[in-house]
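I opened the notebook to record what I looked up in this entry. The notes follow the order in which I checked things.

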Amino acid sequence: MSASKSNPYDAVAYPGHAFSQTHPGHLATIAHFHGMSPVPTAAMRVLELGCGSGGNLIPMALQSPGASFIGIDLSASAITRARAEAEALGLRNIAFHHLDIMAADAGLGSFDYILVHGVYSWVPPFVRERILALFGELLRPQGIAYVSYNALPGCRLRDLARDVMLYETRDIEEPLERVRVARAAIKRFAEATDPGSFYGAALRERLQQIDEIPDNVLYHDDLNPGARAFALHEVLDAAAPHGLQFLAEASFPNNFGGAQGPAQQILNAIPVDEPLRQEQSLDLLIGRCFRQTLLCRSDIVLRRGFSRFTLAPYHLAAYVREAEEQDDRPGVGGFLFGSDVRLAVDLESAKAALRVLGQAWPGSIGHAELVASALDEARDSLGPDVEREIGRLNEALTAIYRAGLLEISLEPHRLITAVGERPVASLLARRQALAGNEVTDLRHRAVALDGVVVRKFVSLLDGTRTAPMLLAEMNAFLAEAHAAGRDAADLPRRATAEEVEMHLRDVARLGLLAG
């Protein structure tokens, strides 16, 4: 029997990295919003089903040494890599088991968080049923389960291209040949269809997307003939017999993202105590292709809506800066969130708060500290009623949060933004930088480093070197590279002190500096 028949993930490794929306700190914040009492990350027990090589679980274990983590996967090669990486990092709070999900049982213990990312849509029905059963058996009373899956109706368009590729590769077992034939087939068929037809347009759009997908991802995600997508209500109907209910989507609170005008009116007309109807209607309006659903025990009484919401318990963060081109209206300031979302703000204390958040990024600030700093900066424009001003500021910040532009968390991010005398990048990032361009930041995101020079620089940030020492090390590295002639044509001859300072600022802004 070929390796691809016994386990396709042993035949072709699936890329493993951190997924920020699976982080228990993020899940705990959503649960707390809904009235739950989630276990703090410092003392949590976490299980990941289908953990692969540990790219998602290992960064969590490094950041929470007092917590306990278990990962299981059917791929022996993936588990071997996960164990080797955990050992190299000196982790003692994580265990990886080569285990079929069907064989998992109460012997693993009970858990505060159970994560299943990129598995549910790609396994047989009996495995899906076992996943939900394990949620019911192993979740603690205030536990949270995360499950992601391809969603309907959006994936019906994706399946048009899958039909072509699966038919053309139906008799091919060898993975790389299967991918090669699939790529050639979808290109040939898409380009031969009528571009003015709905079908032709859909195939062409999917072809463009497939061109950007790595071979190993395409092989597992699109060329698995048993893969299927689900409507949210199907997943919830299957979860209910196991004592589970819908908590929220991991993208909470931006529930209406992508819905404009009349679509938003439809959603606004649905009561907040009908979250399934809201979410399912959203999928039908925007054609959502992928869901990241959170479940909890059905006996928990959840709090829905924003009527009793307050920012007071949370730490706030935002990637925000003042726009270079300011608004012409008197008293109105323009702010840019992320890469392209612009917001006009006229409340002085809110403008001050956004400036403070921008300076603190990628770190977070406790609500009380943020309010105090904002009021202090805007004190010349405030009225005599301080409580009223605080109320107005909180209303503005809540509106920004509901728009998905502001992050909240029960716990602060464990990183620093100030560059010390002997800066320290996280141990994991230093190790990953030696192996490739992608590293995991301390906000549990996969970030790309820009080339071999930056990778080398990050690997040197172990807390033993000052800026002048880093400069000397970098110049020694560049001199050796040029002398050896190994791929050195695009490398600078020498680094400067200014470039070292620039790299340090960049590393801090990427969220790689540890305390």
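Is H444 buried or exposed? I looked up its relative accessible area, which is 1%, so H444 is buried, the cut-off being under 20%. I note that this is a predicted model.

**Backbone at H444.** I checked the torsion next. Phi of H444 is near 65 degrees, a positive value in a residue that is not glycine. Most residues other than glycine have a negative phi. I placed H444 in the loop that runs between β14 (438-440) and β15 (446-448).

**Cis peptide bonds.** I looked up two prolines. The bond from L152 to P153 is cis, with omega near 10 degrees. P153 sits in the loop between β5 (139-150) and α7 (155-168). I found the bond from W361 to P362 to be cis, again with omega near 10 degrees. P362 belongs to the loop between α14 and β12 (365-366). For background, most peptide bonds are trans.

**Whole chain.** I then turned to the overall fold. I read off 20 helices and 15 strands in the chain. The radius of gyration is 25 Å, close to the 24 Å that the globule rule gives for 515 residues, so the chain is as compact as a globular protein of that length. Along the principal axes, the C-alpha atoms fill a box of roughly 75 × 70 × 55 Å. Of the contacts with a separation of 6 or more, 72% join residues 24 or more positions apart.

**Surface and charge.** I noted an accessible surface of about 23,700 Å² for the chain, with 53% of it belonging to carbon and sulfur atoms. Of the 515 residues, 50% count as buried. I have 50 positive and 64 negative side chains on record for the chain, and the centres of the two sets lie 2 Å apart.

**Cores.** Which residues have the most contacts inside the largest nonpolar core? I listed F69, I94, F96, L247, L316 and L357, in a core of 66 residues. Helix α14 (residues 348-360) gives the most to this core, with 7 residues. Apart from it lies another core of 31 residues, including I131, L236, F246 and L295. As a general point, nonpolar side chains in soluble globular proteins tend to be buried together.

I followed I94 further. Leaving aside neighbours within four places in sequence, I94 is in contact with L57, I58, A61, F69 and A86.

**R83.** What does R83 touch, not counting residues up to four places away in sequence? I found F96, H97 and H98. R83 is in helix α5 (residues 76-88). Its C-alpha atom is separated by 8.9 Å from that of H97, 14 residues apart along the chain. I recorded a relative accessibility of 42% for R83, so R83 counts as partly exposed, between the cut-offs of 20% and 50%.

**P8.** My last entry concerns P8, which I found in helix α2 (residues 8-11). With a relative accessible area of 27%, P8 is partly exposed.

Notes:
Residues are numbered from 1 along each chain as its sequence is written. This is a predicted model: local features need pLDDT of at least 70, side-chain atom pairs count only at pLDDT 80 or more; totals for chains, interfaces and linings use all residues. Side-chain values use heavy atoms; hydrogens and water are left out. Helices (H or I, at least four residues) and strands (E, at least two) are DSSP runs, numbered from the N terminus. The radius of gyration is taken over C-alpha atoms; the globule rule is 2.2 Å times the number of residues to the power 0.38. Buried means under 20% relative accessible area, exposed over 50%, partly exposed in between (1.4 Å probe, protein chains only). Contact means heavy atoms within 4.5 Å. Accessible areas come from the Shrake-Rupley method with a 1.4 Å probe; for residues, only the protein chains shown count as cover. Lys and Arg count as positive and Asp and Glu as negative; His and the chain ends are not counted. The place of a charge is taken as NZ of Lys, CZ of Arg, CG of Asp or CD of Glu. A nonpolar core is a set of buried Ala, Val, Leu, Ile, Met, Phe, Trp, Tyr and Cys residues joined through side-chain atoms within 4.5 Å.
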